[in-house]
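User: Please take a close look at one part of this model. I want the details, with the cut-offs behind each term.

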Amino acid sequence: MTVLMQAHDVVRHYKVGGGLFGTPGTVKAVDGVSFSLLAGKTLAVVGESGCGKSTLARVATLLEPPTAGELTIDGAATAGVDADTRRKLRLSVQMVFQNPYGSLNPRKTVGATLMEPLEINQRGDAAARAQAAREMMAQVGLRDDQWGRYPHMFSGGQRQRIAIARALMLNPRVVVADEPVSALDVSIQAQVLNLLMDLQERLGLAYLFISHDLSVVRHIADEVMVMYCGRPVEQAAKADLFAQPRHPYTRMLLAATPSVDPARRQLQVSIKGELPSPLNPPPGCAFASRCAHATARCTAERPDPRPLDGHMVACHHAESIG
Amino acid sequence: MSATVAMPSRLTLFWRSFAENRGAVFGLGLMVVLIVVAALADVLALHTPIEQFRDNFLTPPVWAAEGDWHFPLGTDDVGRDMLSRLIYGARLSLMIGFSVVAVALIIGTTLGLTAAFAGGVVDVFIMRMVDVILVFPSLLLAIVVVAILGPGMFNAMLAVAVVTLPGYIRLSRASALVELNRDYVTATRAAGASTLRLMFDTVLPNCMAPLIVHATLGFSTAILDAAALGFLGLGAQPPTPEWGTMLAGALQYYQRAWWVLAFPGFAILMTVLAFNLFGDGLRDALDPKLKR
């Protein structure tokens, strides 16, 4: 199977503060993430707010360069290439955003929005562009007579369909979806997820699917990466991860999923405390302050991801816990 | 497109919310009258604005005892017909307002967008220049600019444009910064759009509402400032029938002939009022936050 995107130890740091008198700090938004995206497969990135998911999305779409590490798209390196090559590479990765109310230009009709990417890249003539846009509308389940309408005339689900259609106009290989359904009604979420899966099958797309909703991830993912404080703590195939979580944080996340059935509520592990500040992360394991299994070694030495039963786990005590 | 759903167009909705405000409709009406008068000045005016009638110095308006139907609003100190001068003055004032606003809007928006997109040193430089302009009272600064360039209507317009620039720069920069954080801008960027395209095709149309309102209100400021410069002898020079210049020339006769002072003043007042009312109404109609 073809690897469409590969990240090796990608790091994205931000300089903050400083000003005239302050001492500048560094926010380690993404701190050493590796993954491969395969054609036709979905990698889901899971984690709570502020763990660096969205930064990872921006790095993967080449909107921001990684501070360190390697990112290759279809085997081509993205660092140290000239602007023109970068631009071409960037086009093969498109993005679907969380908020469909902010991701569509309110002044452009659906047709204009869909044709714009082709127009910018001067693909085809006007008639060909319109033709391609109409075909894409049909693919994502929009009616032909909605061509001339403005975004404000659509519901959230329909807008997200437009946003997906726009992302696909340039025939990307990889689609980065940053919480694409979390702003939608639950009844609409399934429709949009199924649309995404249909399109993946039809076009052989690779998805980098960012979410904090585990039930959504269970539906769409092939592989899951759990992030905590900018670092991946566990990565495994979906079935393995849900059946046998290895990292205490993953176990907590799974246990925190609400259930309607009182008998199935697992409250034996509760999550205490807050995410540590990425501005000043603790020296050892970032999760140690909230972990029930933490020992002296955890606060002193940072665990690196290591293979265990087909999982990649960043925990010193993964064996004893699992 | 098959029209199965009768959805009111944006324009209809806009007109409905605009028409709720009676003052705004009044302002719009007044504006239309002014524009028609200015456009048809050659037809409406009884005389040319600079023709002197040596037998009729300071003739009072027609309803006064010594009024003359040849000069409905009387004549000034050198025997020129007031009404004709006011009508031609409307043309001048609208022209001044339009040019000043157009120049300030185009330059100001470009600078504001540049500041928002470039950020860093460029942003700091542009915004500090704006602060420098704002430090001086606007009329005073306009006087300085005219003093440097020399008096005249064109230079006065330039001066007024310069002192009204900061409003447009700040407004467009602030709106652009808000829009820049929206996902649709990121999406367009991910599609490979150039910065110029992002500035003028993606972001600018979404910043237009406050700019249009500011420009409409700026119309009246421009007319007022240009009239003030004319009054001080720094703007349009006699015998140009500019309202401010007319006021200046008539100042010494105000005890003997009130009409030479009152009518140009009234004309300025009504024009400024019209644009202000219209601008306010426009803002209320365009800004959903102000809707009741």
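The request concerns chain B and its contact with chain A, with a few local points to follow.
How many helices and strands are there in chain B, and which elements of chain B touch chain A?

Analyst: First, the ground rules. This is a predicted model, in which local features need pLDDT of at least 70, side-chain atom pairs count only at pLDDT 80 or more, and totals for chains, interfaces and linings use all residues. Residues are numbered from 1 along each chain as its sequence is written, chains are lettered from A and ligands numbered from 1 in the order in which they are written, and side-chain values use heavy atoms, with hydrogens and water left out.

Chain B has eleven helices and zero strands. Helices (H or I, at least four residues) and strands (E, at least two) are DSSP runs, numbered from the N terminus. Read from the N terminus, the order is α-α-α-α-α-α-α-α-α-α-α. The C-alpha trace of chain B spans about 75 × 55 × 30 Å along its principal axes.

Now one helix pair inside chain B. The axes of α2(B), residues 22-39, and α4(B), residues 82-118, come within 8 Å and cross at roughly 110°. Axes are lines fitted to C-alpha atoms, for helices over the stretch in contact; angles run from 0 to 180 degrees between N-to-C directions.

The residues in contact (heavy atoms within 4.5 Å) can be named. From α2(B) come B:Leu34, B:Ile35, B:Val37, B:Ala38 and B:Ala39; they meet B:Ile87, B:Ala90, B:Arg91 and B:Leu94 of α4(B). By class, this contact has eight nonpolar, no polar and one charged residues. Here Ala, Val, Leu, Ile, Met, Phe, Trp, Tyr, Cys and Pro count as nonpolar, Asp, Glu, Lys and Arg as charged, and the others, Gly among them, as polar.

Next, the interface. Chain B puts in 20 residues and chain A 27 residues. The size of an interface is often given as the accessible area lost when the parts come together. Between chain B and chain A the buried area is about 2100 Å², with 55% from carbon and sulfur atoms. Buried area is the accessible area (1.4 Å probe) that two parts lose on being put together, summed over both.

Three salt bridges cross this interface. A salt bridge is a side-chain nitrogen of Lys or Arg within 4 Å of a carboxyl oxygen of Asp or Glu. In one salt bridge, the side chains of A:Glu116 and B:Arg197 meet at 3.5 Å, N to O. On the side of chain B that touches chain A, α8 (183-190) and α9 (195-231) are the elements giving two or more residues. α8(B) gives the most, with seven residues. That side has nine nonpolar, five polar and six charged residues. Over all chains, the salt bridge count comes to 26.

Last, local backbone points. Most residues other than glycine have a negative phi, and most peptide bonds are trans. In chain B, the peptide bond from B:Pro238 to B:Pro239 is cis, with omega near 5°. B:Pro239 lies in the loop between α9 and α10 (243-250) of chain B. In chain A, A:Asn171 has a positive phi of about 50° although it is not a glycine. A:Asn171 sits in the loop between α5 (156-168) and β7 (174-178) of chain A.
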